[in-house]
Every structure is written in structure tokens, then in C-alpha cells.
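Here are my notes for a first look at this one. Have the model open beside you and go through the points in order.

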Amino acid sequence: QVQLVESGGGLVQAGGSLRLSCAASGRTFSSYTMGWFRQAPGKEREFVAAFIRSGGWRYYADSEKGRFTISRDNAKNTVYLQMNSLKPEDTAAYYCAASSCSGSGCYLRPTEYDHWGQGTQVTVSS
């Protein structure tokens, strides 16, 4: 069982930056693909970024490319999301999640993730 705890959310002005952290329990952290998702009120949960467990591949949603960076520290059982040039439309609850899926593109789908954090709120003011 993996438990995930996010932190680092808050209120920031447009153009600012935030760094989210997700600390994981358990000794098998490195075996999971780690993803970040977000959900705004009244909207579906959407993919933000993923760090594939093997090979170090990273994937981003098109709207986040060049602004967000996902990284992980397996020694600390932690995954990060550095968010720069934030926009009001980035306002949402952000969730980290762990997946053991291996199919092509499975990291994109929330249903492929086995474990979820409680979420951290990011609010970007204009």
C-alpha cells in the first residue's frame, strides 16, 4: 500500500511560480509511475504530468509544456511539480497519484492510477 501526501499549494499571482511536493510512503516508490492531475470545480480531473517509473520518461499535457516540470527523488520517495508562469486557468486542486500500469499511454488516464493523495489547492489570481 502506498500513501501519498501533497503539499506546496497556495495563492499566487499570475506569472508566479509554485512547487508542489508529493511524499510517498512505502519501499516500492521507485516501481511506480507517478502522475500529477488537477481538477477545477465542475470539471473532470485532467492529466498534468507523469514521470514513468523506468527510463525516466516525462510527459506533459500540451497546456503545461514549457511551464511545468515534473521530477522525482526516489531516495526521498518524493515527486515534485515545479509550476512556472502560472495562469488563472491553472487554478484547481492538484493531486499526485501512483500507477503500476504499463500499457501505452496508460499514464494519461486517472483510472490507471492505484493510489491518490488528498490534493492541494492552487489558486492563481489575475
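1. Let's start with a term: a charge sits over a ring if NZ of Lys or CZ of Arg is within 6 Å of the ring centre and within 35 degrees of the ring normal. Arg 45 does this with Tyr 95, lying over the ring face at 3.9 Å from the centre.

2. A word on what you're looking at. This is a predicted model, where local features need pLDDT of at least 70 and side-chain atom pairs count only at pLDDT 80 or more, while totals for chains, interfaces and linings use all residues. Residues are numbered from 1 along each chain as its sequence is written, and side-chain values use heavy atoms, with hydrogens and water left out.

3. Now the disulfides, meaning pairs of cysteine sulfur atoms within 2.5 Å. The count comes to two. Number the bonded cysteines in sequence order and the pairing reads 1-2, 3-4. In general, such a link is a covalent bond between the sulfur atoms of two cysteines.

4. Take Cys 22 and Cys 96, whose sulfur atoms are 1.9 Å apart. Their link is right-handed, with 45° about the S-S bond. Cys 22 lies in strand β3 (residues 18-24) and Cys 96 in strand β9 (residues 92-99), so the pair ties together parts that are 74 residues apart in sequence. Strands here are DSSP runs of E, at least two residues, numbered from the N terminus. Both Cys 22 and Cys 96 are buried; buried means under 20% relative accessible area, exposed over 50%, and partly exposed in between, using a 1.4 Å probe and protein chains only.

5. Cys 101 and Cys 106 make a disulfide too, again with sulfur atoms 1.9 Å apart. This link is right-handed, with 85° about the S-S bond, and both of its cysteines are buried.

6. Which residues form the aromatic cluster? They are Phe 37, Phe 47, Tyr 59, Tyr 95, Tyr 107, Tyr 113 and Trp 116. Rings of Phe, Tyr and Trp (its six-membered ring) pair if their centres lie within 6.5 Å; planes under 30 degrees apart count as stacked, over 60 as edge-to-face and the rest as tilted. The model has seven aromatic pairs by this rule. One of them is Tyr 113 with Trp 116, a tilted pair at 5.9 Å centre to centre and 55° between the planes. Tyr 113 is buried at 6% relative accessibility, whereas Trp 116 is partly exposed at 27%.

7. On to the sheet. Two strands pair if DSSP finds at least two bridges between them. An open sheet of four strands runs in the order β1-β3-β8-β7, paired antiparallel. The edges are β1 (4-7) and β7 (68-73), each with a single partner strand, so one side of each has no neighbour in the sheet. Between β3 and β8 (residues 78-83) there are six bridges; Ala 23 has Thr 78 as its bridge partner in β8.

8. Finally, two backbone spots to check. Most residues other than glycine have a negative phi. Asn 77, in the loop between β7 and β8, has a positive phi of about 55°, and at 16% relative accessibility this residue counts as buried. Ser 85, in the loop between β8 and β9, has a positive phi near 50° and is partly exposed at 43%.
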